[in-house]
Amino acid sequence: MDWLTSENLVAVVTALVGVLVSVGVAWYQWWVPRQRRIGYRVQLDTAIGGAASGAAASTGTAVRRGYFDASPGLEDATLVLLRIENDGALAVTTDHYTDGDDQGLTVEFEGRHVKAVVVTAPDHPRLLSHFPDTWTGPAEGATSIALPKVPLNRGSSYKLLVLLGGGPIGGAVRVDGSLAEGRVHPTRSITPDDKPPVFSRAALSVTVLLTACVVALAAIIVREEPPPPIGCARGTLTVTGSTAFAPVAEELAKEYEEDCAGATVIVDTHGSTTGVRALDAAGRKAAAAKEGPPAVVALSDGHKPNGHPELRETMVAVSLFTLVVHDGIPVADLDRERIQGIYRGDITNWSALGGPNLPIRLVSRNAGSGTREVFQRRVLGENEPGNSSLDCEHRDGPRARVTRCELDSTEQVLDTVARLPGAIGYGELRASGAVKGLHRVAIDGRDADVDALGTSGYPYREIEYAYTWGEPPADSLTASFLTYLTRGGGQDVVRVHGHLPCATPKGLRICGEE
């Protein structure tokens, strides 16, 4: 239950709220309009008589002339324009009115009585046929109007212009009635004097709620300090071994120290085999002194050498390596047969391979290098020839068939190949791309490409292993750093440096095949 933190709970709840709001809005937009609905709204409610206008009479805002001024009984008169419409998604037929007899809807005017009524339907004149001569309208002095059962298609409407008396403007106007599988409800009218809102109330509410969700999630994701690695530990740890994997180890060490106060991670690499032997020696020394396991992690290009049974291995990533040549050599691809001929001394000049008349100079790693061991096993199929040059340019003795030197690190090999005309060497894929003066060489027509791993058959690759002395204690810095490297945030660093983490689905398959 490591994920059950307050931040994660807030994030989950916030995400659920956002999803539920979106689903609710979608449901409302889809379901509610699919009911049968008759809406009504008052579009006009104005005084004709001075007694009906209330404050309007004393302020002189109502001026009457002609019929309205001369006719008796209009002193308290008001005019109401009422719109009745089908604002649902389904048609309303005469059968859907359930109040009985011929009555469909009832319009009530609170505090006022009906003097006269006019029915209009300018957009749907056929609706007037449902108000026959037998419909006499309201009786004189009635406070309500009984309307017939008028069928309304979606969007159809008609209006009532009602002359009222006996009360001031603003009295309640209600339309009642029963609909099968539907309802009658008031709607709001926007008069010419009203300013329409930019957003509806529902849209504004949803926008505010979703904005709050986004802000809450952003507050969790964008924090002043990033979340620390799983199980931070204090102390000092030494990472040794592969120089090809050293750039990854150095960046991981820096990030771990920044995230975990009190932790110091020292990266000191001198080659895979050298690192494994150093770990083994430190473990035996600690065991002899009856101390705990040493805080050392040894990185190795490929499996450790035979022996060292106390060491425990963990697969980290698939690493790609590549051949490199000096930029003065226009060779972009070599098959393994020609590579083996170069390292056996059968081919000693680039002119034999279509290049310039330059001697071939082999720039190699020392015997403790995992990069060299992988090259010998996967590309050459045999060991490299002996060291014959101290300066990588001239042979130290006449018997040597090739000019070959050995260096201590991948960085030294790449720098020497870039500097020395006619030189060929090898190194880790991403590191080789950062050096000017050299270029990569494909093997058997296949380029080193992380994305093509598992399908291209590129031979110069190997699994990167991390070795510890036995199983490190769960609360130790060694265990914490190893978890960070193989399953935690360190996987992103591994990817950035051109390696494929074994913990990924593709990496699991490839690492399991090796």
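What we have here is a predicted model. The chain has a mean pLDDT of 85, and 85% of its residues reach 70 or more. Among the elements of the chain, strand β14, residues 361–365, has the highest mean pLDDT, at 97, while helix α2, residues 55–59, has the lowest, at 41. Over residues 55–61 the pLDDT stays under 50, and the model has three contacts beyond four places in sequence for that stretch. Residues 223–228 also stay under 50, with four such contacts beyond four places in sequence. Where pLDDT is low, the predicted coordinates should not be read in detail.

Helix α7, residues 336–344, packs against helix α8, residues 370–380, at an angle of about 130°, and their axes are 10 Å apart. The two helices are therefore oblique to each other. From α7, the residues Arg336, Ile339, Gln340 and Tyr343 meet Phe375, Arg378, Val379 and Leu380 of α8. Of the residues in this contact, five are nonpolar, one is polar and two are charged.

The second pair is helix α5, residues 246–259, and helix α11, residues 477–486. Their axes cross at roughly 115° and come within 11 Å. The crossing of α5 past α11 is right-handed. Which residues meet here? On the α5 side they are Leu252, Ala253, Glu255, Tyr256 and Asp259, and on the α11 side Leu477, Ser480, Phe481, Tyr484 and Leu485. This contact comprises seven nonpolar, one polar and two charged residues.

Thank you for your attention.

Technical notes: Residues are numbered from 1 along each chain as its sequence is written. This is a predicted model: local features need pLDDT of at least 70, side-chain atom pairs count only at pLDDT 80 or more; totals for chains, interfaces and linings use all residues. Side-chain values use heavy atoms; hydrogens and water are left out. Axes are lines fitted to C-alpha atoms, for helices over the stretch in contact, and angles run from 0 to 180 degrees between N-to-C directions. Helices (H or I, at least four residues) and strands (E, at least two) are DSSP runs, numbered from the N terminus. Angles under 35 degrees count as roughly parallel, over 145 as roughly antiparallel, 65 to 115 as roughly perpendicular and the rest as oblique. Contact means heavy atoms within 4.5 Å. Ala, Val, Leu, Ile, Met, Phe, Trp, Tyr, Cys and Pro count as nonpolar, Asp, Glu, Lys and Arg as charged, and the others, Gly among them, as polar. A crossing is left-handed if the near helix is turned anticlockwise from the far one by less than a right angle, and right-handed if clockwise. pLDDT is the predictor's confidence in each residue, from 0 to 100.
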